[in-house]
Amino acid sequence: MSLSICQDEPARSRGQRSWDSSKVLDSLPFKDVSTILLEASSRMTLSQVVSLPHFRLWDAMSAIEVMDPKMDPGVAVERSRRNDRERIANDVPKMAFSGKQIIAIADQLLSTEMTWLGGNVLTQTVFSCILTHVPLSVPNFIMRAFVISTLKTVSRMREEILSAKAFEEDEFVASSGDFGLVEEIGISEVIGDLQEAEDDVLLHLKLMKGKPADLKVSVKEALLLPDGSEGIQVLEALLSRIRLRRALLSVLLHFSKRNLPSVKKALSQCLAQLPLASSTIHLGSPVQGVFDAEINKKASSDLPVRKTAEVSPKDAYTQLSSICGQLQQVVSFTPTSRLRSVLYFLDTFSSTNSSQSLLPRAFLKSIVLRNDLLFGRYSFSDVVREASSAYATDIYYTMADTFIADRCERFLTSSAEAIHLFIELFCFGRARQRRRLFKIIAHFESLQAIAETIDGEIQNYLFRKSKATVTNEPFFLSSWVYHLKLNMMVSSFKMGFELDIFSPFELSTVFWYLRHLYDMHRVQIDRMKLFWTRDHKGHPEPKSSTKAGKRSGAPRNTPTTFESVSLEMEILLHSKQLYTKAMFILSAIIMQRKLIRPPNSHFYNEEISFSHRFKCFARLGSPTPPEYAHYIADFGDIVNSDLVETLSTSLMMLDEAQRYLNHLEQLGMKEEGQTDVFADVPHMSEAIMITRKTVEAILLKRDAGVLSVYAGWEVVEEAAGGCLSSEWRWGTMFRFKAPGFPVFGIM
């Protein structure tokens, strides 16, 4: 398409709100500037931008795609393609549909539904089908059941998503313009219509197969079908789609009643129908004029104009399968008050489903944070009490002393809000989780200060009461908050790998900073270990805050002792610490050998890049942010050492890390209910194995140039803006396997 500019716009068109675009545009003198612009852009280099006083970057980002009918409201559209509701109301009742055409329309309706869930506008997706404008006027009973059930599904999904509020404004558009979503029809009635349609298709199928049918029952809707085996295939394809739509509506109906066992059953029915429905897309025969992407171009003037990225029927079924799988994970999680188990599930669910749809996120938030209680059963104060009891001494929660009880209650109130925010974070998309996580970390920084004050007040009170003058007691409550904060900081790096935020040339600084966090965490664990060896009774699971929770028979948690908590954390933490140190050594050698190069640009400065990458942690009081000069010193120690000796050291670290994991795995066989700790062991062991083979290969050839960076279980090729040499490819394993550990490996 050529690019043109108007040299002499008529004054009469300026500032007018209504004018005949076809006549005025034809009369305007335009000059083609495509060649000039293309030549100018070819001479520009990276980081350059064209800017004028009246046209800056914001204007360019806000621009619409000119002459695209869905983007440009001013483009001339033929009268026959406009939203002529009178024409639609007259034409739809006269339409007739064959079995193959119903399949094609049903598949395309699902495509528009999935496109809408991707953040697009209803008027440009679902309501691009003219049948949805007058659903009750669709003449064919089976086709009408599909149309109405689609609208009802959209209506119920919209209610769940809006109720959960687990989305940002650019992720979801709830408005349906001035179109209705058959609110006057109940969901049970729609499910009943689908059941009738299913019975009708089954009767057709029996007749076509020559099986005896009930003579008292006749087909409700005559269907135009191909002869022979193809006709049977069409009927079976229709049957799978009807059952799929009915099961999907049942999921939404039962979830609105919080009947999770029925939701699981309906989801299983959805997943059972998806393979047949997906494999019979080719049987559909498109109908001209039923779908028109431009028909509602001007129907939503109150909404931002955006180009719709349409989802194909094949991709729509794949997305629906993914949504059903995610919903199964959500409704299958056993409610518990054990904070560590809840956080592990939420993080694992978010990591393995990085492209979460809005619906599973809405279900997740509705289940986990119901009525401002954890799973609608446990108050967050009780959850905090149970979780922090592994750090605090018995006297903190005996509640026998009014002074101590008041301060503990103050801590529980402040912590409950912070934990609620932290759990809510996992109900958003992964990228927004990371962005919100930094705010949560800052919140926990303030909470740590509150906890330190409370710890100090309690200990001073106890000293005065016992007339003691010296104590070695740590600050128990603030130590628990600090422990959570350190885990959050590590999680921000983990999310960075998952989202491909870190550039290859940042690897050495990232692993070095991670090593620092693990070092600080080990210091804290070692300090607390002195007090974890004392006799301490585990605290029982908090009582349910609702009668339903008391009747539910939910399994009570096994009390956690100081010794088990200390041992598990220490072993796993030490293993990750050693593994990260080995990765820092490898990345430093790779950088020193220039196998990964920083950007070759005059504006790049590694120290500035370092400060920007970790600036979110720079204002924290603890742990103390490490300085760039310390990184340079550690980097220099590695690259100035003998290659073989340095790599042998990293090999020893990997072996020691694996020995710790083996020990942890043995503990996991003896202890039940600790899967949130031990589940990472096999994934980390596999990462260590891959990295170990890499180090052995380098030692064998005495050359770091034999390396290739590898994506764990699937190779990912990426140009990375020219920052990689030709021998290198960069990737992360997170998107392909369970999350947690980047690897270096031989391709």
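What share of the 747 residues in the protein is buried?

## Overview

Buried residues (under 20% relative accessible area, with a 1.4 Å probe and protein chains only) make up 51% of the 747 residues in the protein. This is a predicted model, in which local features need pLDDT of at least 70 and side-chain atom pairs count only at pLDDT 80 or more, while totals for chains, interfaces and linings use all residues. Residues are numbered from 1 along each chain as its sequence is written, and side-chain values use heavy atoms, leaving out hydrogens and water.

The protein has 24 helices and four strands, taken as DSSP runs numbered from the N terminus (helices H or I, at least four residues; strands E, at least two). Of the contacts (heavy atoms within 4.5 Å) with a separation of 6 or more, 79% are between residues 24 or more positions apart.

## Helices H8 and H9

Helix H8 covers residues 228-256 and helix H9 residues 260-279; their axes come within 8 Å and cross at roughly 155°. The axes are lines fitted to C-alpha atoms over the stretch in contact, with angles running from 0 to 180 degrees between N-to-C directions. H8 and H9 are therefore roughly antiparallel (over 145 degrees).

The residues making this contact include Leu 244, Leu 248 and Val 251 of H8 and Val 263, Leu 267 and Leu 274 of H9.

## Thr 646

Thr 646 lies in helix H22, residues 643-670. Thr 646 counts as buried because its relative accessibility is 9%. Leaving aside neighbours within four places in sequence, Thr 646 is in contact with Ile 585, Ile 589, Ile 638 and Ser 641.

Terms used
Angles under 35 degrees count as roughly parallel, over 145 as roughly antiparallel, 65 to 115 as roughly perpendicular and the rest as oblique. Buried means under 20% relative accessible area, exposed over 50%, partly exposed in between (1.4 Å probe, protein chains only).
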